[in-house]
2 protein chains.
Amino acid sequence: MRPPVNRQVLLARRPEGIPQASDFTIVETAVPIPGPAQVRVRNVFLSVEPAMRGWVSAVANYSEPVALGAVMRSFTAGVIDASNHPDFPVGTQVTGLFGWQDYAVVEVTAIEQVIEAQDLPISTALGVLGINGVTAHYGLLEIGKPRAGQTVVVSTAAGSVGSCVGQIAKLKGCRTVGIAGGQNKVQQCLDSFGFDAAVDYKSPEFAAQIAAACAGGVDVYFDNTSGAISDEVMKHLNVGARVIICGTASVASWNPTPMGPRVERQLLVKRALMQGFVIFDHADHYQLARRELGQWVRAGQIHYVEDVLDGIESAPDAIAGLYRGENQGKRLIRL
Amino acid sequence: MRPPVNRQVLLARRPEGIPQASDFTIVETAVPIPGPAQVRVRNVFLSVEPAMRGWVSAVANYSEPVALGAVMRSFTAGVIDASNHPDFPVGTQVTGLFGWQDYAVVEVTAIEQVIEAQDLPISTALGVLGINGVTAHYGLLEIGKPRAGQTVVVSTAAGSVGSCVGQIAKLKGCRTVGIAGGQNKVQQCLDSFGFDAAVDYKSPEFAAQIAAACAGGVDVYFDNTSGAISDEVMKHLNVGARVIICGTASVASWNPTPMGPRVERQLLVKRALMQGFVIFDHADHYQLARRELGQWVRAGQIHYVEDVLDGIESAPDAIAGLYRGENQGKRLIRL
């Protein structure tokens with residue numbers, strides 16, 4: 001039984017680099033009451049994303065930084081438990097940016113999706129059928145445009161986005177190479193996500209191993225890390241390669257911009273493309289992606305792994321934990 | 001009257017970095033005789049391109065390096081003066097990769113174009129209607145996709161490709177910012193090529209000046225230089241920007257790969273694209289581009305400037321001279 005309060009995780013200070021537990025504080029406030037045409041969502045799962053580092057950073061980003069003292073921005077999946085809107089009755093399962101808290105009172109326009117895949121666990125709406133799966137689907141298929149027989153390399157390949165990218169690429173007939181940190185995750189790439197090869201970026205032999213795994217060259221690189229990991233992949237681009245910039249998880253700070261090997265000559269000589277994207281720009285793609293992903297999950301063609309932490313008390317340290325590499329699969333907080 | 005010999009400029013040694021006069025040697029050989037179905041081209045103009053540095057480099061490139069002892073690879077414009085092929089009679093004006101020499105005997109499949117724009121000087125077939133103009137047309141329009149009102153920045157803006165990019169962008173209703181080296185070229189950008197603003201990358205105030213010229217942000221950057229010039233432009237990308245990698249003229253050597261500010265975060269946050277291309281991949285675009293460019297030149301909507309050196313003796317030092325920045329406009333050698 002939950003206490004009749006709304007526990008909220010607030011951003012207490014502006015992190016330098018990776019947000020740590022000490023950057024957040026937990027407060028208890030009154031459970032909010034929906035006003036006219038509003039609904040109240042009781043959050044069931046909170047999401048934890050590498051991108052949250054950017055959301056709390058003061059450095060230029062794709063969205064306004066979370067304000068100091070505000071509830072931490074987060075996707076959540078929950079159930080409407082009080083409603084003043086006839087189209088969204090009590091019991092409706094929804095997702096949205098409802099934040100790290102027990103309850104959110106919102107306008108119905110803030111509802112990102114009404115969960116359609118009722119036969120699948122609600123947590124999937126935040127992972128493989130949520131923003132992570134949709135990110136993988138859009139980035140790989142719309143920017144990467146993989147063709148059967150091509151080699152697709154993915155960094156953070158055991159993560160929620162990366163594992164989905166690898167499996168979609170495999171479904172499209174590609175050869176898949178995963179990059180992950182540590183032998184456990186490498187093994188997970190091979191055993192759970194069907195990568196044709198997987199390489200440990202923490203190995204002293206990483207450069208040689210990625211060269212061997214990509215002996216036929218790289219046609220698509222789905223980059224979630226940037227940094228030294230990507231530098232090795234970039235050496236093996238094939239003519240016409242597509243590099244999808246989805247995240248920069250391996251770079252601790254972008255202020256000032258860190259130095260790395262210049263990519264211009266390689267992009268020119270290989271007639272290659274490098275393109276960044278932010279999935280929030282592509283809401284028109286969500287429904288198509290969710291439908292396809294749902295079919296693949298039901299058919300057992302796409303597997304997902306969840307890393308579930310219990311209780312809102314685990315939230316403040318959860319982002320730092322991602323960057324420590326301690327999760328296996330999509331990190332969620334169950335309330 | 002030319003001597004009855006074929007003077008040829010041979011690659012004598014593999015240059016380190018920028019090819020110098022001492023890397024070439026001039027020899028005299030017999031004027032070649034066409035065999036069955038072949039033609040002999042008497043070259044009238046030889047082309048000089050920044051890209052030639054890459055053509056003679058041993059470092060991985062988009063084409064086989066010119067062999068030691070071989071005639072220097074070059075586009076030329078000339079006239080067929082001996083023919084064993086009925087479709088290409090004596091007098092036909094043609095272009096092709098006929099090399100730095102007086103005469104070339106070739107199969108007719110080696111003819112890149114039969115010059116159609118007979119009303120324009122034959123030299124235009126190597127510049128504004130040649131590979132340079134076609135490069136500008138393809139890169140800007142097919143990759144850059146500029147829209148009216150957007151800001152287009154071009155490096156080496158007074159050069160053959162850059163000046164054409166700026167003028168096409170202007171014709172498409174864009175605001176154009178040119179980057180060039182030295183006050184003479186900056187003035188030429190403004191006076192001859194109609195750039196809305198032009199900035200001298202050699203100025204100690206370059207960073208501040210490019211920031212001021214791009215106060216509304218950069219939508220398209222046509223990059224011929226890479227290096228410190230591009231680093232400043234990259235700071236000002238707008239959301240959805242397109243960076244076209246056409247050349248890397250400002251970087252002296254790519255072996256080993258030089259370091260620069262990492263671009264991944266900026267590409268991600270700005271949802272931007274960076275794409276390299278090599279015009280030889282897009283022969284199917286040449287005819288369309290030449291037709292449009294020819295119309296614009298005749299209508300006085302596109303201006304071009306040529307920097308003509310006289311005599312094949314000027315060829316060996318001509319590439320180094322480009323990199324010394326001594327040319328104004330398209331560099332050609334008239335035989």
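**View 1. Twelve strands form one open sheet that includes strands of chain A and of chain B.** In this predicted model, the strand order is E10(A)-E9(A)-E8(A)-E11(A)-E12(A)-E14(A)-E14(B)-E12(B)-E11(B)-E8(B)-E9(B)-E10(B), with mixed pairing. At the edges sit strand E10 (197-200) of chain A and strand E10 (197-200) of chain B, each of which pairs on one side only. If you follow the sheet across, the twist averages 15° from one strand to the next. As a reminder, strands of a sheet pair through backbone hydrogen bonds, in either the parallel or the antiparallel sense.

**View 2. Here we look at strands E12 and E14 of chain A, which pair in the parallel sense.** Four bridges link E12(A), residues 237-245, with E14(A), residues 273-276. One pair to look for is A:Val243 with its bridge partner in E14(A), A:Met274. Helix H2 of chain A (residues 131-144) lies across E11 (218-223), E12 and E14 of chain A. Relative to E12(A), H2(A) runs at about 145°.

**View 3. In chain B, helices H2 and H3 cross at roughly 45°.** The axes of H2(B), residues 131-144, and H3(B), residues 160-171, come within 8 Å. The crossing in which H2(B) passes H3(B) is right-handed. On the H2(B) side, the contact is made by B:Asn132, B:Gly133, B:Thr135, B:Ala136, B:His137 and B:Leu140. H3(B) contributes B:Ser160, B:Val161, B:Cys164, B:Val165, B:Ile168 and B:Ala169. Sorted by class, seven residues of this contact are nonpolar, five are polar and none is charged.

**View 4. Chains A and B meet through 29 residues of each chain.** On the side of chain B that touches chain A, E13, helix H7 (264-269) and strand E14 (273-276) of chain B each supply at least two residues. H7(B) gives the largest share of that side, with five residues. The residues on this side of chain B comprise 16 nonpolar, seven polar and six charged. Zooming in on the E13 strands, E13(A) and E13(B) pair in the antiparallel sense over three bridges. Within that pairing, A:Gly260 stands opposite B:Gly260 of E13(B).

View 5. A:Pro256 lies in the loop between E12 and strand E13 (259-261) of chain A. B:Pro256 is placed in the loop between strand E12 (237-245) and strand E13 (259-261) of chain B.

**View 6. A:Lys145 has a positive phi.** Its value is near 40°, in a residue other than glycine. To find A:Lys145, look in the loop between H2 and strand E8 (151-155) of chain A.

Terms used: Residues are numbered from 1 along each chain as its sequence is written. Chains are lettered from A and ligands numbered from 1 in the order in which they are written. This is a predicted model: local features need pLDDT of at least 70, side-chain atom pairs count only at pLDDT 80 or more; totals for chains, interfaces and linings use all residues. Axes are lines fitted to C-alpha atoms, for helices over the stretch in contact, and angles run from 0 to 180 degrees between N-to-C directions. A crossing is left-handed if the near helix is turned anticlockwise from the far one by less than a right angle, and right-handed if clockwise. Two residues are in contact if their C-beta atoms, placed from the backbone, lie within 7 Å. Ala, Val, Leu, Ile, Met, Phe, Trp, Tyr, Cys and Pro count as nonpolar, Asp, Glu, Lys and Arg as charged, and the others, Gly among them, as polar. Two strands pair if DSSP finds at least two bridges between them.
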